[in-house]
Amino acid sequence: MKSIPADSAAVLDMPCLILVGGLGTRLRPVLNDLPKPMAAVAGKPFLEYLILWLRQAGIRRVILCAGYRSEKIQEYFQGGDAFGLQIAYSVEREPQGTWGAIFQACRFVTQRDFLVLNGDSWLQVDLAQLWDFHLHRGGIATIAAVEVIDSSRFGTLDVDSYGRILDFREKRSPGNNALVNGGVYIFSREVLAVAPAMAHSLEKDVFPMLLPHGVFAMPVNGYFVDIGLPEEYKRLEATAESWVAKLRLEDGGAKAC
């Protein structure tokens, strides 16, 4: 494993929660009985690329927030030794939504701050830079944001000149450029006191609660991949070679080679 750059050292002790519990209803025709993050891209689960990318960034501990067919994920990734980091599992007995999954998994988190990733998307972001941005803004949460050409699939962000999010807007009509949530977050533990455990959706329920406490967006120009729709997944499969090159991954362990 290659050495971690000095400016990335601050992220080493920060655990990363990955949301992998969704049913993947829209991808069911191509997934069969697999969880959505296990969708194959160039012969490997999409989730494997995320985990190897995190390892290369210096993350040493991952908590997979699993639900539907969690055993498939656990059988494949096990304790993480083959991938060069430590993996723990927080398994929902029944669907709790994105915030419920995070809240439950935080029993594994003792640090002041922690990373969260969506398990069905990837944004090319420098995690050390995101961490630095989070510290300097001093808010309760930071979102890595990306501008997309067509924002009709996403809620959009209303941001001031300092990067503070003023509002979360509903999906727009097709064809509008806008800044959207890139699915990569840093949270301070204070969120657990502000947002109740029974809240369901991180995006719809919890982020609006957090706005008075300071939620910031760091714009990112990196590559953005979202496999949430069959046509997006097929597009990624068709361009898998160039996407894997953008990840700049080293060879992984036994299953990653």
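Student: Which residue, with a positive phi, follows α3?
Tutor: This is a predicted model, in which local features need pLDDT of at least 70, side-chain atom pairs count only at pLDDT 80 or more, and totals for chains, interfaces and linings use all residues. Helix α3 spans residues 70-77 (helices, H or I with at least four residues, and strands, E with at least two, are DSSP runs numbered from the N terminus). The residue that follows α3, its phi positive and near 45°, is Gln78.

Student: Within what arc do the buried residues of α3 fall?
Tutor: In α3, the residues Ser70, Ile73 and Phe77 are buried (under 20% relative accessible area, with exposed over 50% and partly exposed in between, for a 1.4 Å probe and protein chains only). Seen down the axis of α3, these buried residues line one face of the helix, because the arc they fall within (taken from the directions from the helix axis to the C-beta atoms) is 65°.

Student: Which elements are included in what covers the buried residues of α3?
Tutor: Contact here means heavy atoms within 4.5 Å. The cover of these buried residues includes β1 (16-20), α2 (46-57), β4 and β5.

Student: How many aromatic pairs are there, and what kind of pair do Trp99 and Phe103 form?
Tutor: Rings of Phe, Tyr and Trp (its six-membered ring) pair if their centres lie within 6.5 Å, with planes under 30 degrees apart stacked, over 60 edge-to-face and the rest tilted. By this rule the count comes to 14 aromatic pairs. The ring centres of Trp99 and Phe103 lie 6.0 Å apart with their planes at 70°, so this pair is edge-to-face.

Student: Which helix holds both Trp99 and Phe103, and is each buried or partly exposed?
Tutor: Trp99 is buried, with a relative accessible area of 0%, whereas Phe103, at 28% relative accessibility, counts as partly exposed. The two residues are four apart, about one turn of the helix, and both lie in α4 (residues 97-105).

Student: How many residues apart in sequence are the parts tied together by Tyr162 and Phe216?
Tutor: The rings of Tyr162 and Phe216 have centres 5.9 Å apart and planes at 80°, so the pair is edge-to-face. Because Tyr162 lies in the loop between β9 (156-159) and β10 (165-169) and Phe216 in strand β12 (residues 215-220), the separation in sequence of the parts tied together is 54 residues.

Methods:
Residues are numbered from 1 along each chain as its sequence is written. Side-chain values use heavy atoms; hydrogens and water are left out. A crossover is right-handed if, with the strands pointing away from the viewer, the path from the first strand over the helix to the second runs clockwise.
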